[in-house]
Amino acid sequence: MPTLYLSPHPDNFQNLCVLVAARYGHQEPKVVSLLPNTELENPSFSIPKLPALEIQAGICVSGPAAVSYLLSSDALRGQGPGAGALVRQWISFADLEVAPAACAAAFSVLGVSKQNKQVNRALAELRNLLGVLDSHLKLRTYLVGEAVTLADVTVACALLLPYKYVLDQALRSSYINVTRWFLTCINQPEFQAVLGPVKLCEQALGAVPSKQNLRGKFVTATKTKFLEYNNYFQINTMQLYRKYHFQSRNRSIFNFFTWCYSCTICGSLQKKPKAEKKEKKDLGIITYDISTKPGEKKDVASPMPDSYSPQYVEAAWYPWWESQGFFKPEYGRRCVAEPNPRGIFMMCIPPPNVTGSLHLGHALTNAIQDSLTRWHRMKGETTLWNPGCDHAGIATQVVVEKKLWKEQGKTRHDLGRELFIKEVWKWKNEKGDRIYHQLKKLGSSMDWDRACFTMDPKLSRAVEEAFIRLHEEGVIYRSKRLVNWSCTLNSAISDIEVDKKELTGRTLLPVPGYKEKVEFGVLVSFAYKIEGSDAEVVVATTRIETMLGDTAVAVHPQDPRYKHLHGRSVVHPFTKRLLPILCDDFVDMEFGTGAVKITPAHDQNDYEVGLRHGLNFITIFDEDGYLINVSPPFLGMKRFDARRAVLQALKEKGLFKEVKDNPMVVPVCSRSKDVVEPLLKPQWYVRCDTMARGAAEAVRRGDLRIVPDFHLKTWFNWMDNIRDWCISRQLWWGHRIPAYFVTVNDPSVPPGEVGPEDHWELVGRSEQEAKEKAAKVFKVTADKISLRQDEDVLDTWFSSGLFPFSIFGWPNPNEDLHVFYPGTLLETGHDILFFWVARMVMLGLKLTGKLPFREVYLHAVVRDAHGRKMSKSLGNGLHAQLLDSNLDPAEIERAKQGQKSDYPNGIPECGTDALRFALCAYTSQGRDINLDVNRILGYRHFCNKLWNATKFAIRGLGEGFQPQTRPEPSGSESLIDRWILSRLSHAVELCDTGFQAYDFPGITTAIYNFWLYELCDVYLECLKPVFAGQDEAAIRTSRNALYTCLDAGLRLLSPFMPFVTEELFQRLPRRCPSSDPPSICVTSYPIDFVLNIIKAVRSLRADYNLTKTKADCE
């Protein structure tokens, strides 16, 4: 009979989890309560941690997850591979997140923790996790499937403490779905047999009872629980339990649970002199000090360090990978055009800004993309992940302008356009490769020989050709319309560069160029006098200064308050201009007074009204934000100075009515922090309606697949309601628009002016081509034509939209364009689905007749632990270049304080592998990922576990071990050997299916569980007595099984953790040293292993004449 070793405390939730699982599995092991550090009577094995299960003499499995798994039934483990993976994912979630948060919250409320900051943080973390569970259980009865699984058992037991001591009725009502599920679980017969009646918390959170009451309460509860256990298992544990109270001081994370209860009961929580603090053990930093030239293979002949260290492991590998050409699609074949029966995988990077340095948002993107690329490469496909960088028009110009002013005290206008562009190129050549170096540090397996910059000649030619072709077809045109204007940048900006700042009421905001903050979030009401009458119409506005440009007042046609004024006019108080009273359905009768002032030149809604009713468009702001086309004293004022002046003037005329708070959204330029001003400007536009219909139909037909599919609603909403795209930018850095203003030096041709829809604007691939076009249009000789090129540049998103084919030299035909376009996949964040993805699809279909890729996978946006976007100004992006940036000193100080607050003891070195694995593991949290750096540290410990397990395994394999040439089972494997090979086969299957479904949490969970819970916790422990025994045949068989697990396990993990897996892979012997691939990067993914196992099983079935039918047991 198996023996189950438990810690003695009856409320230890790990014990309870194991016992409930045993009930479901109809197992009744002999139960022994064991104190920490207790010597066994006949020790044939060691117990690293409790609970532990001795399966047979000398073979022990430890840890709650492994023990629960072995004691539970098949149904409890999840029906089918998918459900099994989800069950393991929830078990991992319970162990890594729920249990620590539950313990911390319970200990805090019970008075074990004295620091308010720790108490608040523990409770906040618990609430956060309950919110996640509550959302998941909204439409579900159980965590996985329609019946209780090990996931429910583990999570419910982990939540026992909070429900008993923390979550009172008020708090439970906030998480009704979790509470419903929890009560459903604990009332199952199997739970009831172990837990008995569970009394939920009645006392309010934070009201801590006295220690005396606590002691009495816990003594009673504890004795009762132990009596129940004694009755069930027929053992006496009370003596051990009392002894533990006074002798045990083991403070490991879960034994601390028992210790703190013991201290509470026996009264040892009284104040004592503070013991001297022990110095916290630092994570070991070991460096690789062997001289290795860049590009040479790392020395792996030296002994493995005692523990895992990222600095040691990550050294030297990337330059070697790069020098060997592992990341090039040509690797292993004569040319990229050589037919490959396994297929082609091509993906281009979302080009990061040349101004940037990597933050966790970039790291998430590249961790996902590199794992996919490495998986496809290991499957034997012709694989290309094409790197590149975006010239980032506005961002780069702002950076260089700040640098110029800081170092030389000059503006770009002091230098002139040509010299300023030279300064930008100089900066790019000095700083622009920084992000490439960071991508290499992340292990990104890109073909750097194909790296592209959007201002390179090859890509610039593609941009010019695209503009000219689209213009010739009438898709690109020039028009005067409202644009988002930044007065600080003196340029139009795109919608993605406009931050929406939400205000709840009156707020003073800083605005560049103003010494005092400016008031926003108020609604000002004032009156217009009716022409020829003393009557008045009261209107309300959030931008009182724009009334100087009013050309009408609008009311709703059905509003009874104003029906008598239809067709009348009001008088402008400062210009005496007559403003017609219009009827328009867009007016909201419930907002303000129901009468709306109309300023067509400075508001998008008013612009539409102006077009419908043929109003005058009076522009009252120039490009710098000064007032024009207005009467004194307002003429020449700055726009927000005019706000105060107009308000005062209205008061003096007796027209002012009131000011009240008003929730509103203020558009702010993300680059300059200036308040965006809608301005009428002649700009170049792309006509998008027809192209958008084609993009929408491609998705509806299934030609283009978007994953996850809940983004389809957003896609169709944008495509079906698209507006024309403004592509002009008033910058110097970027692709200059290839359009020319024509002057004809001939008296027979009247002079022209630049204007909307002006036929004087001609485009050409060169000035000479434009001249020849103009000569034909105006029927004069070319020598009478003078040209002036448009000063504007194209929106950066225009060149980015061409990226999937411009990187291959389009429109010129070549091998790369033929082989790699269209691409396979586009992977990016969901926040740029419209701004980049949709435009690539539209432009690809229009210019090449093909979709640029077949699938789009959209990952979540990564945020910090507080839910904030990664930003240099917040200091949460972990920028090494924070102090070397162009941030304002105040922003730098705020960023430093943010980092100090979040990481008072500094940020521990976790390493690239742990970071990548953590980011991929957390992509299941919905649209946004709130990532705490401390969680990455947990995967750093996982790397250390891998390291130590492999060290142990290599010792177990022994000197001179040579694995079998093929991994198929020999038929002489023991039960535990066959079990671990079956678990490996299952993990491989889960990973392969996970990659196909972009289920990164499922893949990482399968790998994590295999390595930690099955290989390390179970199999390696079971091998110890085998390797210590004398049965050479059994040792040889187990060594081959162990080698297969290590080899395949590392290959499974390699796409996520390339550095540590390469380091460990290189230290293993090879099956065929002369022909095996030189690196794990180009080793096959172990899906073949599963096929070989299946073949071996079928062969054994044939050898023993077994059939698929069930045996007749009657």
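User: How many salt bridges does the count come to in this structure?

Analyst: The model is a predicted one, and a pair is counted when a side-chain nitrogen of Lys or Arg lies within 4 Å of a carboxyl oxygen of Asp or Glu. By this rule the count of salt bridges comes to 50.

User: Which residue forms a salt bridge with arginine 88, and which parts does the pair tie together?

Analyst: The closest N and O atoms of arginine 88 and its partner, glutamate 1014, are 2.4 Å apart. Because arginine 88 lies in helix 3 (residues 80–109) and glutamate 1014 in helix 34 (residues 1000–1028), the pair ties together parts that are 926 residues apart in sequence. Both of these residues are buried. The partner is therefore glutamate 1014, and the parts tied together are helix 3 and helix 34.

User: Are glutamate 407 and lysine 403, which form a salt bridge, buried, partly exposed or exposed?

Analyst: Glutamate 407 and lysine 403 are four residues apart in helix 16 (residues 393–408), so about one helical turn separates them, and their closest N and O atoms are 3.2 Å apart. With a relative accessibility of 54%, glutamate 407 is over the 50% cut-off and counts as exposed. Lysine 403, at 23%, falls between the 20% and 50% limits and counts as partly exposed.

User: Where in the chain do aspartate 550 and lysine 597 lie?

Analyst: The side chains of aspartate 550 and lysine 597 meet in a salt bridge, at 2.9 Å from N to O. The pair links distant parts of the chain, 47 residues apart. Aspartate 550 is buried, with a relative accessible area of 0%, and lysine 597 is buried as well, at 5%. Aspartate 550 lies in the loop between strand 15 (536–541) and strand 16 (552–555), and lysine 597 in strand 19 (residues 595–598).

User: Which residues line the largest cavity, and which elements give two or more residues to its lining?

Analyst: There are eight cavities of 30 Å³ or more, and about 120 Å³ of space lies in the largest cavity. Its lining includes Arg88 and Glu1014, along with Ala65, Ala66, Tyr69, Leu70, Ile91, Leu150, Trp979, Asn1009, Tyr1013 and Val1018. The elements that give two or more residues to this lining are helix 2 (64–71), helix 3 and helix 34.

User: How many residues of the lining of the largest cavity are nonpolar, polar and charged?

Analyst: The lining draws at least three residues from each of domain 1 (3–195) and domain 3 (932–1104). Sorted by class, its residues are nine nonpolar, one polar and two charged.

Definitions and conventions:
Residues numbered from 1 in each chain as written. Predicted model: local features only at pLDDT ≥ 70, side-chain atom pairs only at ≥ 80, totals over all residues. Heavy atoms only, no water. Buried < 20%, exposed > 50% of the residue type's maximum accessible area, 1.4 Å probe, protein only. 1 Å grid on protein atoms, 1.4 Å probe; cavity = no way out; pocket = protein on both sides within 12 Å on 5 of 7 lines; lining within 4 Å. Points joined across faces, edges and corners; volume = space filled by probe spheres on them. Nonpolar A, V, L, I, M, F, W, Y, C, P; charged D, E, K, R; others polar. Domains from an automatic or database assignment.
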